[in-house]
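Please look over the structure below. The report that follows takes up a loop, a strand and a pocket.

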Amino acid sequence: MDEPIRYDGALHFLFDLMKSSLICWLVAGLTLSAAPVWAEDVAIAQLFAQEHAEGTLVLTALHGDQQYIHNEQRAQHRYTPASTFKILNTLIALEEKKTSREEVLKWNGEQYDIPSWNRDQTLETAFQRSCVWCYQTYARRIGAARYPYYLEQANYGVLRTPFNETTFWLDGALQISALEQIAFLKRMVQKSLPFSPAAYDTLRDIMVMERTPDYTIRAKSGWSGRADPHIGWYVGYVETTDEIWLFALNMELADPARLPVRQKLVRAALQQKGILP
């Protein structure tokens, strides 16, 4: 007589397989549920609608988990940073000792469309006036070979190679999302990037856009007029008496006449959330 077929091993195998599959599904479910999913902020969306602006705004507290997002899908999309790269570029130039707060860059006499560029510049005026030729001077001094290292250390978007050392933040070779801008700003404010205290302090001083007894706004605007699509940026942070709020806005911006809308939207959102009076 044939021996009876034994199913013990097969059953144990199937049971173990089902158990491991169940564990995998549970872990995956927990991982997905742990990932933050931010609902559309209706109030900020209305501000964009009032200005007929297509864009995104991320507003997040440095401490805690308060965060407001309009158009999260767009907030994850990368665009050319344009002059907002001057925040990181300033730290790099200072760290590499390619400029200082005291240096005066001599204007070579070339006439630019923006009148404030047609004069000698300091690091502070170059930042405040978003002087392209000034930062191209710093970029030549830094050299293309050094940029990939700092971009990787700062986790600052993605850089397509090869790239032009004097235009890569303008021509689309470098791209970053609004959410990545926020992550970079957070590390910058916390001084966890590989830069000296002196570099941080100088940047902190020249980034001031507005200061009152109740708050200080440090920020940088940008406009990618060379890349397609044309994108307007406004990124930075607001320091109040009890919190630091980071913000990153980008929007479609083909008409230079609408450049002030960037700052207007950010301020309106900060006021709507009670962060600014």
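Where is the place of Pro162? Pro162 sits in the loop between β6 (158-159) and β7 (174-177). This is a predicted model. The peptide bond leading from Thr161 into Pro162 is cis. Its omega is near -5°.

**Backbone with positive phi**

Two residues other than glycine have a positive phi: His52 and Ser130.

For the exposed class the cut-off is over 50%.

**Strand β1**

Strand β1 covers residues 55-61. How many of its residues are buried? The count is 7 of 7. Gly55, Leu57, Leu59 and Ala61 point one way from β1. Thr56, Val58 and Thr60 point the other way. Residues of both groups are buried.

β1 has strand β11 (residues 244-252) as an antiparallel partner, over 7 bridges. It also pairs with strand β2 (residues 67-70), again in the antiparallel sense, over 4 bridges. Thr60 takes part in both pairings: its bridge partner in β11 is Leu246, and in β2 it is Gln67.

β1 and β2 form a hairpin. There are 5 residues between the two strands. In the turn, Gly64 has a positive phi of about 80°.

**The largest pocket**

Ser130 comes up again here, as one of the residues that line the largest pocket. What is the volume of this pocket? It is about 550 Å³. The lining is made up of 20 residues. Those nearest the pocket centre are Ile114, Trp117, Ser130, Val132 and Trp223. Two elements, α6 and β9 (215-223), each give two or more residues to the lining. Which of the elements gives the most? That is β9, with 4 residues.

The lining residues divide by type into 9 nonpolar, 6 polar and 5 charged.

Conventions: Residues numbered from 1 in each chain as written. Predicted model: local features only at pLDDT ≥ 70, side-chain atom pairs only at ≥ 80, totals over all residues. Heavy atoms only, no water. Buried < 20%, exposed > 50% of the residue type's maximum accessible area, 1.4 Å probe, protein only. Pairing = 2+ DSSP bridges. 1 Å grid on protein atoms, 1.4 Å probe; cavity = no way out; pocket = protein on both sides within 12 Å on 5 of 7 lines; lining within 4 Å. Points joined across faces, edges and corners; volume = space filled by probe spheres on them. Nonpolar A, V, L, I, M, F, W, Y, C, P; charged D, E, K, R; others polar.
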